[in-house]
Amino acid sequence: MRVLSWSFLVAVCLGLLLPSVSQAEQKKTLGQWDVHYIVLDTTFLTPEIAKANQIVRSKYNALVNISVLDKDTQEAQNLSVTGSARNLLGSKTDLNFKKVVDGKAIYYLAVLSHDHRETFRFDVTVQQGNKQEVLKFQEELYVN
């Protein structure tokens, strides 16, 4: 069985988002980078894609997808991505990002476990050499 590329997967996920997904892809310009981010249910992944990338599909897991492009050339950036998510009660979870390269595209993926209607504040640091930026955003996650 053939495993689809991540760029295809992301395009499909963005095109098929249901209202239960917290939000569609978003972008923030931080310094010289356009940082794209999306948080979606891991159940949107096909079993084949999830297995190939060691991601557990569950209605209690969300996939955090970060992509960093040079804001002028729009070329994918190879850098370090670290981060954490804190719920409204203050419980902090470190995000373990895995780099996935698909042709010229680079994605940084992390899985976050959550409860129904749990809100998280994300702090994601992108760093390349001595250049560093912090992406901050908030998402409410749902169990389908």
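This report walks through a predicted protein model, from confidence to sheet, cores and salt bridges.

**Ground rules and confidence**

Residues are numbered from 1 along each chain as its sequence is written, and side-chain values use heavy atoms, with hydrogens and water left out. Because this is a predicted model, local features need pLDDT of at least 70 and side-chain atom pairs count only at pLDDT 80 or more, while totals for chains, interfaces and linings use all residues.

pLDDT is the predictor's confidence in each residue, from 0 to 100. The protein chain averages 88, and 83% of the residues score at least 70. Residues 11–22 are another matter: pLDDT stays under 50 there. For that stretch the model has 18 contacts beyond four places in sequence, a contact being heavy atoms within 4.5 Å.

**An open sheet**

Strands here are DSSP runs (E, at least two residues), numbered from the N terminus, and two of them pair if DSSP finds at least two bridges between them. In general, strands of a sheet pair through backbone hydrogen bonds, either parallel or antiparallel.

In this model, 4 strands form an open sheet in the order β5-β4-β8-β9, with antiparallel pairing. Its edge strands are β5 and β9, each pairing on one side only. Neighbouring strands are turned by 20° against each other on average, direction ignored; the axes behind that angle are lines fitted to C-alpha atoms, and angles run from 0 to 180 degrees between N-to-C directions.

Let's go along the sheet. β4 (residues 80–87) and β5 (residues 92–95) form a hairpin with 4 residues between them, and glycine 90 in the turn has a positive phi of about 95°. They pair over 4 bridges. On the β8 side, 8 bridges join β4 to its neighbour.

Threonine 125 is found in β8 (residues 118–128), and its bridge partner in β9 is valine 134. Is threonine 125 buried or exposed? Its relative accessible area is 18%, so it counts as buried; the cut-offs are under 20% for buried, over 50% for exposed and partly exposed in between (1.4 Å probe, protein chains only).

**Two nonpolar cores**

A nonpolar core is a set of buried Ala, Val, Leu, Ile, Met, Phe, Trp, Tyr and Cys residues joined through side-chain atoms within 4.5 Å. The largest one has 25 residues, of which Ile66, Phe97, Phe122 and Leu135 touch the most other members. β2, β3, β4, β7, β8 and β9 each supply at least two residues of this core. Apart from it lies another core, of 10 residues, among them Ile38, Leu63, Val100 and Tyr107.

**Salt bridges**

The structure holds 3 salt bridges, each a side-chain nitrogen of Lys or Arg within 4 Å of a carboxyl oxygen of Asp or Glu.

| Lysine 27 | Aspartate 34 | 3.9 Å |

Lysine 27 is partly exposed at 48% relative accessibility, whereas aspartate 34 is buried at 5%. Arginine 117, in the loop between β7 and β8, sits 23 residues from glutamate 140 in β9. Lysine 136 in β9 and aspartate 123 in β8 are 13 residues apart; lysine 136 is exposed at 53%, and aspartate 123 is partly exposed at 31%.
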